[in-house]
Amino acid sequence: MLTLALRSIRFRTSAFVASFIGMFLGTVIIMSFASLLDTRTGTGISAKDKDTLQIMASVVGGYGLVIVAFAIASTLTLTVRQRSAEIALLKSVGATPPQITRMIVGESMILAVVAAILACPVAILTGWALVRLLGSSGTINDDIGFRFGPYAIAVGFGVTLIAGTVAAGLTARRTVHMRVVESVRAAAIETPRMSRRRVVAGWLFIAIGLNCALMTATVFNGQSISTTQAVGAEACIMSAIGLALLAPALIRAVTTALAGMLERLGATGHLTVVNVRQRTAQMSGALIPMILVTSISTGTLYMESIENSTGIKMSSDDKGLATLNYVVVGMICVFAAIMMVNSLIAATIYRRREFGQQRLVGSTPPQVLGMVSIEDALLLVTGLIFGTVSGLLTVVPYSIARTHSVVPNSSIGIYLGIAGTVVVLTLAAGIGAARRAIRTPAVEAVTA
């Protein structure tokens, strides 16, 4: 089955691109922060700088690690689910569930190892830049030499391998234990219900985020900037992860609420409602990073804007923290944005056969593009609404803690810039991939 996994990757390279890019970029981020642990082992470093490097690698890098692992898992889940028909074929010719599981896990392990190896030179550059930035901002001494060694390599390889293997294994376990007929049906129509564990985990993360928001506005009111920002940032990060776990339910809820309005758009609107309800899991693959990038960008950038509006002169440590916040939010949000575009393109290109069938029964290319545009609009509405709500769990409590006002004295332009970026990336990726998909003649797309 390992040989089959190698051949599968070789002959279906395009199907694994999204997963590979997610693993590669995720490993770069994880290794970059883990390299701070290697850097602190250098000679001549003060105890204070060692503590600072360890805290940043553990706490800040920990946030990135959770988000990256979650994003990798969601992308791999989407890839495996898209192969229900292929898995059904393997079972029909005699492959057993354990064999198919080993093949899927083997594919994931191969991708993870290759991605981690290629990520090393890039992580060395980004890790070096991170240390230089910390030095120039006064967070640590600027003469500390950068090191990239066993901590960065072990954490980078370990997290990528574990996240990829566990995600592939769990998804494969659900898929391979279906009967052949059920697997074929699952390739076209998804099971609408989420697992109980996923629902519980989602609400648990949301509860943690709400707790952090409440503590920011009360317990940490008047505390140091670094402490308040650390807890405040957790509110949007934890709640965003929770909402991302519940993404299929969120897109279904929004679709149900807007179904009446969409039906008035005629056949295109009706087809959109039907497709979204049948493909919530695939669509949630793009919704997850959309919620993350909206929430984390809104929460972090407005935290800094609120701090700047107080007019209080920040210490060198606080300035270093502000610089680090911008770096972290930049790296994570760029990663989430790329994952969002990857997921949209992968999910849309996969529907080439579906688009061909629609055209054979009378739909025109403009109607197909119209349907995809409405679907992307539904994703945008859902992602922006819940991403904004999650971001507000940081913005409002932090504003209360620092300015004693519920409404921050900050420009709405920050949020408009975030939302505008999400809108442009979503529409460009979704509609662009759909245009590419319908270039294939309808008969060829159906028979391929």
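The following questions and answers walk through a predicted model of one protein.

Visitor: How many helices and strands are there in the protein?
Guide: The model is a predicted one, and its secondary structure can be given as two counts. The number of strands in the protein is 0, and the number of helices is 17.

Visitor: What percentage of the residues in the protein is buried?
Guide: A residue counts as buried when its relative accessible area is under 20%. The protein has 448 residues, and the buried ones make up 52%.

Visitor: Among contacts with a separation of 6 or more, what percentage is between residues 24 or more positions apart?
Guide: The contacts considered here are those in the protein whose partners have a separation of 6 or more. Within that group, residues 24 or more positions apart account for 86%.

Visitor: Are H9 and H10 roughly parallel or roughly perpendicular to each other?
Guide: Helix H9 covers residues 225-245 and helix H10 covers residues 247-263, and their axes are 5 Å apart. The two helices pack at an angle of about 70 degrees, and angles from 65 to 115 degrees count as roughly perpendicular. H9 and H10 are therefore roughly perpendicular.

Visitor: Which residues of H10 meet H9, and what are the classes in that contact?
Guide: From H9, the residues taking part are Leu243, Ala244 and Leu245, and they meet Ala247, Pro248 and Leu250 in H10. By class, the contact of H9 with H10 has no charged residues, no polar residues and 6 nonpolar ones.

Visitor: How do H11 and H15 lie to each other, and in which kind of crossing, left-handed or right-handed?
Guide: Helix H11, residues 267-278, packs with helix H15, residues 365-403, at an angle of about 55 degrees, and their axes are 9 Å apart. H11 and H15 are therefore oblique to each other. As for the crossing in which H11 passes H15, it is right-handed.

Visitor: How many charged residues are in the contact of H11 with H15?
Guide: On the side of H11 the contact involves Thr268, Gly269, Leu271, Thr272, Asn275 and Val276, while on the side of H15 it involves Gln367, Gly370, Met371, Ile374, Glu375 and Leu378. The residues of the contact of H11 with H15 divide into 5 nonpolar and 6 polar, and the number of charged ones is 1.

Visitor: How many nonpolar residues are in the contact of H10 with H15?
Guide: The axes of H10 and H15 cross at roughly 125 degrees and come within 10 Å, and H10 passes H15 in a right-handed crossing. The contact is made by Leu250, Ile251, Val254, Thr255, Leu258 and Leu262 of H10, together with Ile374, Leu378, Leu379, Val381, Thr382 and Phe386 of H15. In the contact of H10 with H15, no residues are charged, 2 are polar, and the number of nonpolar ones is 10.

Visitor: What separates the C-alpha atoms of Gly22 and Ile72?
Guide: Gly22 lies in helix H2, residues 13-39, and at 0% relative accessibility Gly22 counts as buried. Beyond neighbours within four places in sequence, Gly22 is in contact with Ile72, Phe335 and Met339. Gly22 and Ile72 are 50 residues apart along the chain, and their C-alpha atoms are separated by 5.8 Å.

Visitor: Is His404 buried or exposed?
Guide: His404 has its place in the loop between H15 and helix H16, and the phi of His404 is near 60 degrees, a positive value in a residue other than glycine. Most residues other than glycine have a negative phi. Because the relative accessible area of His404 is 65%, His404 is exposed.

Technical notes. Residues are numbered from 1 along each chain as its sequence is written. This is a predicted model: local features need pLDDT of at least 70, side-chain atom pairs count only at pLDDT 80 or more; totals for chains, interfaces and linings use all residues. Side-chain values use heavy atoms; hydrogens and water are left out. Axes are lines fitted to C-alpha atoms, for helices over the stretch in contact, and angles run from 0 to 180 degrees between N-to-C directions. Helices (H or I, at least four residues) and strands (E, at least two) are DSSP runs, numbered from the N terminus. Angles under 35 degrees count as roughly parallel, over 145 as roughly antiparallel, 65 to 115 as roughly perpendicular and the rest as oblique. A crossing is left-handed if the near helix is turned anticlockwise from the far one by less than a right angle, and right-handed if clockwise. Contact means heavy atoms within 4.5 Å. Ala, Val, Leu, Ile, Met, Phe, Trp, Tyr, Cys and Pro count as nonpolar, Asp, Glu, Lys and Arg as charged, and the others, Gly among them, as polar. Buried means under 20% relative accessible area, exposed over 50%, partly exposed in between (1.4 Å probe, protein chains only).
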